[in-house]
2 protein chains.
Amino acid sequence: MSQKTQHLEKISRLLGYTFVEASLLESALTHRSFQASQSNERLEFLGDAVLSVIISKALFQQYPQATEGQLSRLRSSLVRRETLVEIAHYLQLGDYLYLGEGEIKSGGKQRDSILADALEAIIGAIYLDGGIIAAECCVLAWFKPKLAEIELNIETLKDPKSRLQEHLQAKKQLLPVYSVESIRDSTQMPLFKVTGSIPHTALSAVGTGSSRRRAEQAAAEALLKLIKHEN
Amino acid sequence: MSQKTQHLEKISRLLGYTFVEASLLESALTHRSFQASQSNERLEFLGDAVLSVIISKALFQQYPQATEGQLSRLRSSLVRRETLVEIAHYLQLGDYLYLGEGEIKSGGKQRDSILADALEAIIGAIYLDGGIIAAECCVLAWFKPKLAEIELNIETLKDPKSRLQEHLQAKKQLLPVYSVESIRDSTQMPLFKVTGSIPHTALSAVGTGSSRRRAEQAAAEALLKLIKHEN
């Protein structure tokens, strides 16, 4: 067995997936510093979307009561770079990457961005090789501890408006008032600007977003920060 | 056959997909103004991710030579709200939505955001009901003319740095110089700030991004706009 085959077999075992098309795995492990023409950047583009759909579905099914906003925040908290880097370390990905000499010397094997990108590329490669079910099995296995963790703190992931309301109710204060200041209609999407203010206090904050509700949430988030600073 | 069943059967024919679980389709058509508890917002969250992965894969396979940046720009140009609204109109979605009285009176059936969100919710519902292949068949059928259109203008979707370079070369001007002004390292991700300037001219512009390359592209994009305004 060639050294390359051995190398790919080892990482396959760590990933928990054996590729039909080994060249896809090779590509996924190839940083552009090693070979720009066959680098993992295109696979990373695909894998990023695959990861998002897998985590979205898992959250959708795991939290039947969660709102769209809560699901969205949970997803962001799961697919951020730190989590990907942690999983990449757990899978010992750094040892299996193809990097250019310069990158290796400057510690590229442990660089967060390189590890996270490679993990996304691997997810894209598994999807192309074995379909969404294969990708789902791997991703859910890797994310299992992360998905279990959020079970514990879903309460803290309530949307900002609800958190602000609960905070004010607990303090027997009046509830905030939101008013739309302006709506900018661009060809891309409208932009709402909303001011939220807490009656009988000097506290007010502005939020923007592509819908009135999103802008209100942003304003509530800003108000929560103001309150935190005050205390 | 009940009126509701007839209603759902008609829209199923237009969509080109028959649901095993009709309640999923019903949910996807339900705006929160009609019934907040069973509205389509959670399905929209899922459908947005499903749409992204389907279009990503289609572009990945259709353009084997495209870079990650080009694929990314092509995807944004395809999944933006205008395209979704166009497809929703083509599918006559407005006629099949469940909206509250107030929304109907204020023209909600033709409101862009309601139509685009409902289409994403339908994509999420098809995915849950029939899996990714079913969702892929529908989405690719709806997006077929759009995917064919971009074939023609992929040239215009070159990345900003390349376009700027080509523009300057054509005018026999010196090539731009990019320099990193600052790097802010937050816990989320680094933020690069790059200044691009065109030698022997007064033109310079700043771009920011999560990597040096992305910041340079943003600076190039800004320079292209400046040049356009000059002419």
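In the predicted model, helices α3(A) and α4(A) are oblique to each other, a class left for angles that are not under 35 degrees (roughly parallel), over 145 (roughly antiparallel) or 65 to 115 (roughly perpendicular). Helix α3 spans residues 41-62 of chain A and α4 residues 68-79; their axes come within 10 Å and cross at roughly 130°. Axes here are lines fitted to C-alpha atoms, for helices over the stretch in contact, with angles from 0 to 180 degrees between N-to-C directions. Helices (H or I, at least four residues) and strands (E, at least two) are DSSP runs numbered from the N terminus. On the α3(A) side the contact involves A:L51, A:S52, A:I55, A:S56, A:L59 and A:F60, which meet A:L71, A:L74, A:R75, A:L78 and A:V79 of α4(A); contact requires C-beta atoms, placed from the backbone, within 7 Å. This contact comprises 8 nonpolar, 2 polar and 1 charged residues (nonpolar: Ala, Val, Leu, Ile, Met, Phe, Trp, Tyr, Cys and Pro; charged: Asp, Glu, Lys and Arg; polar: the others, Gly among them).

Helices α8 (residues 160-170) and α9 (residues 212-230) of chain A have axes that come within 8 Å and cross at roughly 45°. The pair α8(A) and α9(A) is therefore oblique, and its crossing is left-handed.

Strands β2 (residues 190-197) and β3 (residues 204-209) of chain A run antiparallel and are joined by 6 bridges; pairing requires at least two DSSP bridges. A:S197 has A:S204 of β3(A) as its bridge partner. The hairpin of β2(A) and β3(A) has 6 residues between the strands, and A:H200 takes a positive phi near 60° there.

Chains A and B each contribute 21 residues to their contact. On the chain B side, α3 (41-62), α4 (68-79) and α7 (112-153) each supply at least two residues, with the largest share, 12 residues, coming from α3(B). Chain B is superposed on chain A by a rotation of 180° with 0.2 Å of shift along its axis (RMSD 0.2 Å), which is the relation of a two-fold axis. The superposition is by least squares on C-alpha atoms of residues with pLDDT of at least 70 in both copies. Because 90% of the interface residues of chain B are also interface residues in chain A, the copies meet through the same surface.

Residues are numbered from 1 along each chain as its sequence is written, and chains are lettered from A and ligands numbered from 1 in the order in which they are written. In this predicted model local features need pLDDT of at least 70 and side-chain atom pairs count only at pLDDT 80 or more, while totals for chains, interfaces and linings use all residues.

Note on methods. Left-handed = near helix turned anticlockwise from the far one by under 90°. Contact = placed C-beta atoms within 7 Å.
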